[in-house]
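Welcome, and please take a moment to look over the sequence and the model. The report below starts with charged pairs and then moves on to other features.

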Amino acid sequence: MSDILGLEGKVAIVTGAGGGIGRGIALEMAKAGAKVVINDIGVSLGGEGGSASPAEETKAMIEAGGGQAAISTDSVSDWESAQKIVQCALDTFGQVDVVVNNAGILRDTIFHKMDPADWRAVVDVHLNGSFYVSRAAAEPFRQQMSGAFVHMTSTSGLIGNFGQANYSAAKLGIVGLSKSIALDMERFGVRSNCIAPFAWSRMTGSIQAKTPEEAERIERLKQMTPETNAPLAVFLASDAAKEVTGQIFAARLNELFLFNQTRPIRSVHKAEGWTPEAIAERALPAFKASLTPLGRSGDVFSWDPV
Ligand code: NAI
């Protein structure tokens, strides 16, 4: 129990806490003294099926460590049921102080074959789910003049990734959501930040290496257990991060990243205005050297911060 965190007795909702990164965060929250609402519907990676067992297992783990936890098996991907997740915190523990939007599914397909149903399912859980649960907590946060949101984004959204148009769009949408919440709720003492986690979990466990370079990246990813992301999430939820809002962080094993904010990198001006032809002839040569190469999520393994 650490004084600087100020999480003792606070109430944290962690969505998708029945396994993987969410379970790691739920356990770390409890270790910091928070009471935890474990939200999970126990679905497959693609979002099918459903079981209370994963959430129950996390609850048992928290209670075995002397912590307090409650379970919500309501889906994040529906407006009405998202209200129940926040209500569970209020009914069980009388308050809510932290929301970690972590629940997730994957339906990877190359873009020209992407089915609208696979688009909707992924956007519903990640982007709409993060909105629904955050929006449900916004009123209690506003009334108590405090609260912290931590949302899981991904380098698939920040950089790009093959076969993940639905997931990448949702994950970059979450960044926009988080930044807007940070601005809109600053006046109520509420903060909102994103984490791009890295973990060898169910979500990444099926990645197949097609090149020796990818095989090397997978070996590195295997060292990144879901728990390695938890301290950053708990820090961002805590009073120790009271000056930190609207930011994007990442955890890469024992290394933490702070991402930059998108800024213009080149500018060209033409007093009489632009035509498409003038852009081709004059702007393009100026931009060419600075065009961003296509990137993939895995690039981050070979990155050094600028
Ligand atoms: P995971 O698949 O192990 O866990 C996700 C959990 O979310 C599951 O327990 C599942 O039952 C739950 N869930 C799914 N749909 C739900 C819904 N509608 N309502 C409530 N719960 C639901 O995944 P993992 O790896 O732990 O990922 C956690 C988060 O981190 C996700 O948002 C993921 O996109 C993100 N992430 C993970 C990365 C990694 O390297 N594993 C990389 C980048 C982002």
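R107 forms a salt bridge with E48, and their closest N and O atoms are 3.7 Å apart. A salt bridge here is a side-chain nitrogen of Lys or Arg within 4 Å of a carboxyl oxygen of Asp or Glu. Side chains of opposite charge can pair when their charged atoms come close. R107 sits in the loop between β4 (98–101) and α4, while E48 sits in the loop between β2 (35–39) and α2 (53–64), so the pair ties together parts that are 59 residues apart in sequence. Helices (H or I, at least four residues) and strands (E, at least two) are DSSP runs, numbered from the N terminus.

Both partners are partly exposed: R107 has a relative accessible area of 21%, and E48 has one of 45%. On this scale, buried means under 20% relative accessible area, exposed means over 50%, and partly exposed lies in between (1.4 Å probe, protein chains only). The pair also belongs to a network of salt bridges that links E48, R107 and D118.

This is a predicted model, in which local features need pLDDT of at least 70 and side-chain atom pairs count only at pLDDT 80 or more, while totals for chains, interfaces and linings use all residues. Residues are numbered from 1 along each chain as its sequence is written, and side-chain values use heavy atoms, with hydrogens and water left out.

## Salt bridges within helices

By the rule given above, the count comes to 12 salt bridges. One of them joins the side chains of K59 and E63, at 2.9 Å from N to O. These two residues are four apart in helix α2, so about one helical turn separates K59 from E63. K59 is partly exposed at 24% relative accessibility, and E63 is partly exposed at 39%.

Another salt bridge brings together the side chains of R217 and E213, at 3.7 Å from N to O. R217 and E213 both lie in helix α7 (residues 212–222), four residues apart, or about one turn of the helix. Is R217 buried or exposed? At 15% relative accessibility, R217 counts as buried.

## The cavity

How many cavities of 30 Å³ or more are there? The count comes to one. A cavity is a set of points, on a 1 Å grid over the protein atoms alone, where a 1.4 Å probe fits but cannot get out; lining residues have an atom within 4 Å of a point. The largest cavity has a volume of about 60 Å³, where a volume is the space filled by probe spheres set on the points, and grid points are joined across faces, edges and corners.

Of the 13 residues that line the largest cavity, N101, N102, A103, V125 and S130 are the closest to its centre. The elements giving two or more residues to this lining are α4 (116–144) and α6 (165–185), and α4 gives the most, with five residues. The lining divides into six nonpolar, six polar and one charged residue. Nonpolar covers Ala, Val, Leu, Ile, Met, Phe, Trp, Tyr, Cys and Pro; charged covers Asp, Glu, Lys and Arg; the others, Gly among them, count as polar.

UniProt places the feature "domain: Ketoreductase" (unreviewed entry) at residues 10–206. Over residues 10–206 the chain is 47% helix and 16% strand, and the end C-alpha atoms are 36 Å apart.

L294 is found in the segment after α9 (276–288). L294 counts as exposed, at 90% relative accessibility. The C-alpha atoms of L294 and L284, which are 10 residues apart along the chain, are separated by 17 Å.

How values were computed. 1 Å grid on protein atoms, 1.4 Å probe; cavity = no way out; pocket = protein on both sides within 12 Å on 5 of 7 lines; lining within 4 Å. UniProt positions renumbered as here; feature names shortened; annotations may be inferred.
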